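Subject: Structure handover

Hi,

Here is the structure for you to look through. My notes on it follow below.

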Amino acid sequence: MRISIISFTKGGSVVCGKLVKRFRELGENCGGYVQKRFLNELQELPGICAVEEPVGVWSGRMFADADALIYIGAAGIAVRAIAPYLKDKMTDPAVLVIDEQGQFVISLLSGHVGGANRLAARAAEILGAVPVITTASDVRGLSAVDVWAKDCGLILSDRVLAKRAAAELVNGGAVGFYSDYPMEEPVPEGYMRGQMCPVQVWVTVRRAPDADRMLSMFLPEDAQILRLIPKILVVGIGCRRKITEKQVEQAVCKVMQEHNLDERAAGMIASIDLKRNEEGLCAYAKRQKLPFCTWSAEELETVRGDLSESEFVRTITGTGNVCERAALLAAGPGARLLVRKHAYDGVTVAVAERDYRVARQDKTETAAKE
């Protein structure tokens, strides 16, 4: 996490030094900015420098670069400094305010998605201070679904519905919870697993409940569904030479729509190594901000199963099927083919789903490292 801390007084610079030292020890990318006349006392600490520009200018620069801003001083200074740069709760950095004596740590902005509430708790622990959290769900001991989703690497399908779900809980209502996948994480506090409510949270790659899902059998007619989408689909693509980005996009969109899949669930594009520099494919992957991996014909041939084979394709590429094999190989052990080969305007598309369990990303990353 990139944390920038600014202080305005001698006492504040001491608090700044404590935070910078400890956050850096914890592995955070943390820098402190103090008034030049107080710098001498902190020179031995790495990550501390003098700030001479106005606090509003500093704030604008840090708003674009940092994940979190911490102001050590009056809350009014912070409010006025950040006001011109506020855009969206999903993208604004976390903002904290701490008094110059280090007694109170206030989560001021982006408490949930930005992580200000958690950062306030960490800073308060470092200083022996009192964390001040005002978001309603936290005050009531409930879990905010947007924070839980972010922790698990899930995408919110609808931010308005996320607010509606939070409001239901805060006001004593019930919110249902359903997942298409096994859960390593407990259901967020306050959400009712297996109970069908007017507001329902659903972990899925699907656009809407279909007949073969139990969820569709029990939902009230006027139910509103907030989908939490894991990026676990691999889109395998084969194509003729000189295919355009638009043709690739149209083919993928058509396949996803026809098979009730959300395009936001795509986490990777895969193909044969003959296509690693195919401009249309590369451009599509880049614009969608998706990794694009390729495999040799020999590697693709190692994939076994009930696949759509073509002798013509084998003659050209060295393997009887590109898109299905590439999708399954990239999706890894335990993957299953959700969509078999479909051809549209010179593009073949297949979709595989990774073997997946709902888990916090930090746990997944730790397990992967081990």
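Helices (H or I, at least four residues) and strands (E, at least two) are DSSP runs, numbered from the N terminus. By that count the chain has 14 helices and 17 strands.

Some ground rules. This is a predicted model, in which local features need pLDDT of at least 70 and side-chain atom pairs count only at pLDDT 80 or more, while totals for chains, interfaces and linings use all residues. Residues are numbered from 1 along each chain as its sequence is written, and side-chain values use heavy atoms, with hydrogens and water left out.

**The whole chain**

The C-alpha atoms fill a box of roughly 75 × 50 × 40 Å along the principal axes. Of the 370 residues, 47% are buried (under 20% relative accessible area; exposed is over 50%, partly exposed in between; 1.4 Å probe, protein chains only). Contact means heavy atoms within 4.5 Å. Among contacts with a separation of 6 or more, 63% are between residues 24 or more positions apart.

Charges next. Lys and Arg count as positive and Asp and Glu as negative; His and the chain ends are not counted. Each charge is placed at NZ of Lys, CZ of Arg, CG of Asp or CD of Glu. The mean positions of the 47 positive and 47 negative charges are 3 Å apart.

Two strands pair if DSSP finds at least two bridges between them.

Strand 8 runs antiparallel to strand 12 (residues 224-230), with three bridges between them. There, L154 has P230 as its bridge partner.

**Strand 11**

How many of the residues of strand 11 are buried? Five of its five. V199, V201 and V203 point one way, and Q200 and W202 the other. Strand 11 is parallel to strand 9 over four bridges, with W202 opposite Y178. Strand 11 is also parallel to strand 12, over five bridges. In that pair, Q200 stands opposite I225.

Best wishes
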